Amino acid sequence: MTLPLGNDAAHQAFAAAMASGALHHAWLFAGPEGIGKATFARAAALRLFAQGAGADLPPGFDVPESDPQRKLIAAGSHPDYRELTRQPKEGDKTGLDLARSIPIAQVRALGPMFATRPSMSDRRVVIIDSVDDLERPGASNALLKNLEEPPQGTIFLLISHAPGRLLPTIRSRCRQLRFDPLGDATMTSVLEHLLPSADPAELTALVGVAHGSPGRALGFAGLDLAALDQALAVIAREGDPGNGRRVRLAKSLALKAAQKRYEAFLDRAPAFIAAHAAERQGERLRIALDGYDAARELAATARALTLDAQATVYEMAGIVARLAV
């Protein structure tokens, strides 16, 4: 399992805790969604199992492909490993329509495993991705009981995108590791690896819209964000005296099939204006800064109030058109 790039300090802190021989029983991996928290948790779990089984391992978190622990986890049959996530709704054949939360039944289903000793070594690992999704109060309280009276040898790795929303009693029983958004250079390296066929313009657009989250970038991949940037560039350079450019852009992003592109546009337009502001001075700078504030407010309002997409895009493109001075 390849360790995600970035957040070396968090990785090293967990590695040091593993090496100390006194690993805390509950960890909260906190940070924005899509930056590699769950990927690291799975790599750490595998490493813990391989170490516990006495495998001869290289430094870091690498585990050989031939390791039996790796094969058991990949097959979903490791007796000492559980991963709780939101499950597909009943009757959903695609597996894409997920339940809104992780119910108490999933937490209680850990009971039989906790009633016995670990099978493969002296350790077992439970990952909850994400703990934010636990049904409250039932599932949260059921987890809290396990954290208060941890089963022997059990390590809980809890993924949280918004730790402030968790029960304080859950947070207080965990050692927290902070994961931060990736820098642009690291993001570019990650995306070059994950999207080898993407052209440089598309990679640049994805980095700009992802806010340091590879997962978020992948969600926008294939949406031709570079074309959105080009449309904005034309409006910013030439304006839109006949309103035709804004109308075409608004209609194209209002289609149901364009929902993800529309969401990307709400992020990309304020960033586009900010980039222009960095190149301006005097009155032209003031116009750009005012436009940036207006664009950010419009994007936030559009999301909070679910504003009409076509009207929102038209208004946002009008703010961009003010740059043509």
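**View 1. A salt bridge between Asp267 and Arg303.** The side chains of Asp267 and Arg303 meet in a salt bridge, with N and O 3.1 Å apart; a salt bridge here is a side-chain nitrogen of Lys or Arg within 4 Å of a carboxyl oxygen of Asp or Glu. The pair links distant parts of the chain, since Asp267 sits in helix α13 and Arg303 in helix α14, 36 residues apart; helices (H or I, at least four residues) and strands (E, at least two) are DSSP runs, numbered from the N terminus. Asp267 is buried, with a relative accessible area of 11%, whereas Arg303, at 40%, is partly exposed; buried means under 20% relative accessible area, exposed over 50% and partly exposed in between (1.4 Å probe, protein chains only). The model is predicted, and local features need pLDDT of at least 70, side-chain atom pairs count only at pLDDT 80 or more, and totals for chains, interfaces and linings use all residues. Residues are numbered from 1 along each chain as its sequence is written, and side-chain values use heavy atoms, with hydrogens and water left out.

**View 2. Helix α14 and its packing.** The buried residues of α14 are Ile287, Ala288, Gly291, Ala295, Leu298, Ala299 and Ala302, and they pack against α13 and α15. Within α14, the side chains of Arg286 and Glu283 form a salt bridge of 2.5 Å, N to O; because these two residues are three apart in the helix, about one helical turn separates them. Arg286 is partly exposed at 41% relative accessibility, and Glu283 is partly exposed at 46%. Just after α14, Thr306 takes a positive phi of about 50 degrees.

**View 3. The largest nonpolar core.** This core has 43 residues, and those with the most contacts inside it are Leu191, Leu225, Leu249, Phe265, Met316 and Val320; a nonpolar core is a set of buried Ala, Val, Leu, Ile, Met, Phe, Trp, Tyr and Cys residues joined through side-chain atoms within 4.5 Å. Helix α13 gives the most to this core, with eight residues. Leaving aside neighbours within four places in sequence, Leu191 is in contact (heavy atoms within 4.5 Å) with Pro196, Leu203, Leu206, Val207 and Ala217.

**View 4. Asp67 in a loop.** Asp67 lies in the loop between α2 (37-52) and α3 (68-74). Asp67 is buried yet has no salt bridge, and the nearest side chain of opposite charge, Arg70, is 6.5 Å away; Lys and Arg count as positive and Asp and Glu as negative, while His and the chain ends are not counted. The side chain of Asp67 reaches the backbone nitrogen of Gln69 at 2.8 Å.

Notes: Polar contact = N/O pair within 3.5 Å; in protein donor to acceptor, adjacent residues only side chain to side chain.
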